[in-house]
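Work through the following exercises with the model in view, and try each task before reading its solution.

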Amino acid sequence: MNDTPSRPLRLGTRRSKLAMAQSGQVAEAVRQLTGRPVELVEITTYGDVSRESLAQIGGTGVFVSALRDALLAGEIDFAVHSLKDLPTAQPDDLALAAIPPREDPRDVLIARDGLTFEELAGQPAVARIGTGSPRRMAQLNARARALGKAVETVPIRGNIDTRIGFVTDGELDAVVLAAAGLSRIGRSAEISQYLETDAVLPAPGQGALAIECAMTNAPLAAALAELDDPYTRVAVTAERSLLAALEAGCSAPVGALADLLADGQVVTEMRLRGVVGTTDGKTLVQLSTTGPVPSSREEAVAMGRELAAAMLDKGAAGLMGERAL
C-alpha cells in the first residue's frame, strides 16, 4: 500500500447516523493529531441489513466483521467501532490501537410525557417499554418487581430515530437507549431519565469506542495510540474479561461496569460490578469486587475473570439460556 503523508487516511465506518457521528469525531481528532486528511468510507454490515433480533443472528460481531474484512484487505486504514459490539477475542492481525475517553455509560429512558421508570411502573395500565437487549429486559423487569410493580418489555430493532418513533407515535410508552449514542448525535434533550447503574448495569464497554488498524501498520497504530485513555482501557478490559469468562456474547443478558474510585483527585481503586439475569427479571445474579486500579492488561483481565467465577458459583451459567456452560 502506498502510504504517503499527503494521501488521506481512510476511516471505515458503519452507515448509521450514530456511527457516522462518532466516526466523524474520531476523524477530526486524527486530523489534528497527524495533520493528514481523513475520509470516511461507509461500509454496510450484516447487522445493519438483517431485520432479525441480535439474539437470533448471534449478536457478537455482526456490526464488526465487514469493517474488519475491509481493514485486512487494505481497503481502509483504520476503523471505529462501538466497543460493546466487538467480540471479546481480538484477532492477531488487528491492533486495538486506541480506546478514547468514555462517554456516559448509562442507559436512559425516553418516555411519553417525560415520565420516569418509577412513574410508568406505578400506572394502572402495564407500561410497554421497548428494547432489543435481553440485558435491559432482565434488569428492567427486576426493577419493576422490586417496586412491587410490573412492566412489559417489548423487543424492538432499528436505529435511534426508529426507536424513539415508537414512543412519539404512541406504540410504546418508553424505549431504553444508551446515553452515549444520544449524546453523540445531539439528542440528549429528549432523555426522560438516566437509569442509575445501581438499577440497570450497562453492557460491557458501553459508551466507549474502539479504534482498530492492521498490526502491520505500526506508524499508524503508534499515532492512533495518542487517543487512548488508559483508565477507560483498564475499565473496559475488566468488563469484557467478565463477559468472556461467562462465555457470553453481546446478545446475552450480561451487564458490567468498572468504576474508577477517586480519593480526592487521585484515582486509587476500581470497582467492577456484574449482573446476569433471566429476561423476566425473576432471577438475577449480581456481584461486585473492588481492588487497586489494574496496572496492566493482565491485572484487568484477572479482575474480570475472578468476578465471573464468583458469579458462576452463584448460578450465573444457568441464566444464559443456550449459552450455559
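**Exercise 1.** List the residues that H81 touches, not counting residues up to four places away in sequence, and decide whether H81 is buried or exposed.

*Solution.* Leaving those neighbours aside, H81 touches Q22, V64, L67, L86, A208, L209, A210 and E212, where contact means heavy atoms within 4.5 Å. The model is predicted, so that local features need pLDDT of at least 70 and side-chain atom pairs count only at pLDDT 80 or more, whereas totals for chains, interfaces and linings use all residues. Residues are numbered from 1 along each chain as its sequence is written, and side-chain values use heavy atoms, with hydrogens and water left out. At 2% relative accessibility H81 counts as buried (buried is under 20% relative accessible area, exposed over 50%, partly exposed in between, with a 1.4 Å probe and protein chains only). Finally, the side chains of H81 and E212 are joined by a polar contact of 2.9 Å (a pair of N or O atoms within 3.5 Å, one able to donate a hydrogen and the other to accept it within protein, residues adjacent in sequence counting only if both atoms are side-chain atoms).

**Exercise 2.** Which residues of helix 7 are buried, and which elements do they pack against?

*Solution.* In helix 7, residues 160–168, the buried residues are I160, R163, I164, G165, F166 and V167. These pack against helix 1 (17–34), strand 5 (107–111), strand 8 (174–178) and helix 8 (179–184). The N-terminal end of helix 7 is capped by N159, a side-chain oxygen of which lies 3.2 Å from the backbone nitrogen of D161. Just after helix 7, G170 takes a positive phi of about 85°.

**Exercise 3.** Characterise the packing of helix 10 and helix 11 by the angle and the distance between their axes.

*Solution.* Helix 10 (residues 230–245) and helix 11 (residues 297–313) pack at an angle of about 40°, with their axes 7 Å apart. That angle makes helix 10 oblique to helix 11 (under 35 degrees is roughly parallel, over 145 roughly antiparallel, 65 to 115 roughly perpendicular, the rest oblique). In the contact, V234, T237, A238, S241, L242 and A245 of helix 10 meet residues of helix 11 including R297, A300, V301, G304 and L307.

**Exercise 4.** What share of the 325 residues in the protein is buried?

*Solution.* The protein has eleven helices and 13 strands, and buried residues make up 52% of its 325 residues.

Notes. Axes are lines fitted to C-alpha atoms, for helices over the stretch in contact, and angles run from 0 to 180 degrees between N-to-C directions. Helices (H or I, at least four residues) and strands (E, at least two) are DSSP runs, numbered from the N terminus.
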